[in-house]
Amino acid sequence: MSKIEIDAITAEFFGAFDNRGGKAADVARIRRLVIPGGVIVLTGPKYTVYTMEEFIEPRERLLSDGRLAEFSEWETSERTEIAGDIASRFGAYRKAGVLDGKPFQGGGTKTFQFVRTPEGWRIAAFSWYDQS
């Protein structure tokens with residue numbers, strides 16, 4: 001059951017950025033998926049540590065102001081290890097969209113740390129490396 005719940009949270013995380021077909025991305029849902037004080041780190045190409053709001057606000061703007069359209073990202077492979085009330089997931093992802101009128105594709109690697117809370121599984125930390 002835990003793996004199914006973690007798969008669902010991960011899919012919901014990736015889906016938060018989807019604005020294909022003119023629908024509004026729901027980046028704010030990240031606040032529900034990540035525990036308060038969760039750690040968010042981009043390792044490359046430019047090392048950056050984010051608070052929740054520092055992560056969400058510019059992505060909400062980019063996905064709603066017309067600069068980034070038809071965007072989605074999705075997991076292409078993963079491995080998840082669960083030990084009691086903690087879990088770790090390491091996976092590859094792809095992304096595609098239209099930025100400033102130009103189509104693009106890319107990908108990278110993301111890692112998630114999950115904890116089981118009284119409300120169910122939540123993300124305690126996530127980090128990623130964009131390879132393109």
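Start with the largest pocket, which has a volume of about 420 Å³. A pocket here is an open set of points on a 1 Å grid over the protein atoms alone, with protein on both sides within 12 Å along at least five of seven lines. The points are joined across faces, edges and corners, and the volume is the space filled by probe spheres set on them. The model is predicted: local features need pLDDT of at least 70, side-chain atom pairs count only at pLDDT 80 or more, and totals for chains, interfaces and linings use all residues. Residues are numbered from 1 along each chain as its sequence is written, and side-chain values use heavy atoms, with hydrogens and water left out.

**Stop 1: the pocket lining**

Select Arg59, Leu62, Phe71, Lys95 and Asp130, which lie nearest the centre of the pocket among its 18 lining residues. A lining residue has an atom within 4 Å of a point. Helix 3, strand 3, strand 4, strand 5 and strand 6 each give two or more residues to this lining. Helices (H or I, at least four residues) and strands (E, at least two) are DSSP runs, numbered from the N terminus. Which element gives the most to the pocket lining? Helix 3 does, with 5 residues. By class, the lining has 13 nonpolar, no polar and 5 charged residues. Ala, Val, Leu, Ile, Met, Phe, Trp, Tyr, Cys and Pro count as nonpolar, Asp, Glu, Lys and Arg as charged, and the others, Gly among them, as polar.

**Stop 2: helix 3**

Now select residues 52-64, the 13 residues of helix 3. Its end C-alpha atoms are 18 Å apart, which agrees with the 18 Å it should span at 1.5 Å a residue. The expected span is 1.5 Å times one less than the number of residues.

Colour Met52, Phe55, Ile56, Arg59 and Leu63, the buried residues of this helix. Buried means under 20% relative accessible area, exposed over 50%, and partly exposed in between, with a 1.4 Å probe and protein chains only. Look down the axis of helix 3: the buried residues fall within an arc of 85 degrees, so they line one face of the helix. The arc is that of the directions from the helix axis to the C-beta atoms. Among the elements that cover these residues are helix 2 (30-33), strand 1 (34-44) and strand 6 (120-130). Just after the helix, glycine 66 takes a positive phi of about 95 degrees.

**Stop 3: isoleucine 40**

Move to isoleucine 40 in strand 1. Is this residue buried or exposed? Isoleucine 40 is buried, with a relative accessible area of 0%. Leaving aside neighbours within four places in sequence, its contacts include Met52, Phe55, Phe126 and Trp128. Contact means heavy atoms within 4.5 Å.

**Stop 4**

Zoom in on glycine 44 and proline 45, which are joined by a cis peptide bond with omega of about 15 degrees. Proline 45 is in the loop between strand 1 and strand 2.

Next, pick glutamate 70 in strand 3. Glutamate 70 is not a glycine, yet has a positive phi of about 50 degrees. Its relative accessible area of 39% makes it partly exposed.

Then go to aspartate 100, in the loop between strand 4 and strand 5. This residue also has a positive phi of about 50 degrees without being a glycine. Aspartate 100 counts as partly exposed at 48% relative accessibility.

**Stop 5: helix 1**

Select residues 2-15 for helix 1, whose 14 residues reach 20 Å from first C-alpha to last, close to the 20 Å expected. Its buried residues are Ser2, Ile6, Ile9, Thr10, Phe13 and Phe14. Seen down the axis of helix 1, they fall within an arc of 135 degrees, so they line one face. What covers them includes helix 2, strand 3, strand 4, strand 5 and strand 6.

**Stop 6: the cavity**

How many cavities of 30 Å³ or more does a search of the whole structure find? The search finds 1. A cavity is a set of points where a 1.4 Å probe fits but cannot get out. About 40 Å³ of space lies in the largest cavity. To see its lining, select Phe14, Glu75, Arg89, Phe90, Gly91, Ala92, Tyr93, Lys110 and Phe112. Strand 4 (86-99) and strand 5 (102-117) each give two or more residues, and strand 4 gives the most, with 5. The lining has 5 nonpolar, 1 polar and 3 charged residues.
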